[in-house]
Amino acid sequence: RGVPADGLPFLQHFNLWRTVPAVREVATSPELCRAAADLMGVRGVRLYQDALFHKRGGGDGGGGNTVDGPTPWHIDARMAP
């Protein structure tokens, strides 16, 4: 049952701002863009990519288990430019 051992431990969706109006509204809101620019100490920001990672429920029915299984420890920094 569940995903094969060599499968991903979660589902991932990229660039939802292009297809989901609610995501576009949040991701391109002037307030969020201004806050991001202020936090980085720059005049403006550009949306490079958005990503949604989630696990499907339905494992053994308790204890936070999911169909997708555990996510092993990792570092994402090497995945982005």
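**Note on ring pairs, a salt bridge and a surface patch**

1. Phe10, Phe14 and Phe53 are linked into a cluster by ring pairs. The model is predicted, so local features need pLDDT of at least 70 and side-chain atom pairs count only at pLDDT 80 or more, while totals for chains, interfaces and linings use all residues. Residues are numbered from 1 along each chain as its sequence is written, and side-chain values use heavy atoms, with hydrogens and water left out.

2. The count of aromatic pairs is two. Rings of Phe, Tyr and Trp (its six-membered ring) pair if their centres lie within 6.5 Å; planes under 30 degrees apart count as stacked, over 60 as edge-to-face and the rest as tilted. For Phe10 and Phe53 the ring centres are 5.5 Å apart and the planes are at 80 degrees, so this pair is edge-to-face. Phe10 lies in the segment before strand E1 (11–14) and Phe53 in strand E2 (residues 51–54), so the pair ties together parts that are 43 residues apart in sequence. Strands (E, at least two residues) and helices (H or I, at least four) are DSSP runs, numbered from the N terminus.

3. Phe14 and Phe53 have ring centres 5.9 Å apart and planes at 90 degrees, so this pair too is edge-to-face. With Phe14 in strand E1 and Phe53 in strand E2, the pair ties together parts that are 39 residues apart in sequence.

4. Phe53 is partly exposed at 44%, and Phe14 is partly exposed at 40%.

5. One salt bridge (a side-chain nitrogen of Lys or Arg within 4 Å of a carboxyl oxygen of Asp or Glu) is found in a search of the whole structure. The partners are Asp38 and Arg34, whose closest N and O atoms are 3.1 Å apart. Both are in helix H2 (residues 30–40), four residues apart, and so are separated by about one helical turn. Arg34 is partly exposed, its relative accessible area being 41%.

6. A nonpolar surface patch consists of Leu39, Met40, Val42 and Val45, with about 400 Å² of accessible area together. Patches take residues with over 30% relative accessible area and no salt bridge, joining like charges within 9 Å and nonpolar side chains (Val, Leu, Ile, Met, Phe, Trp, Tyr) within 5 Å. Accessible areas come from the Shrake-Rupley method with a 1.4 Å probe; for residues, only the protein chains shown count as cover. Met40 is in helix H2 and is exposed, at 55% relative accessible area.

Notes
Buried < 20%, exposed > 50% of the residue type's maximum accessible area, 1.4 Å probe, protein only.
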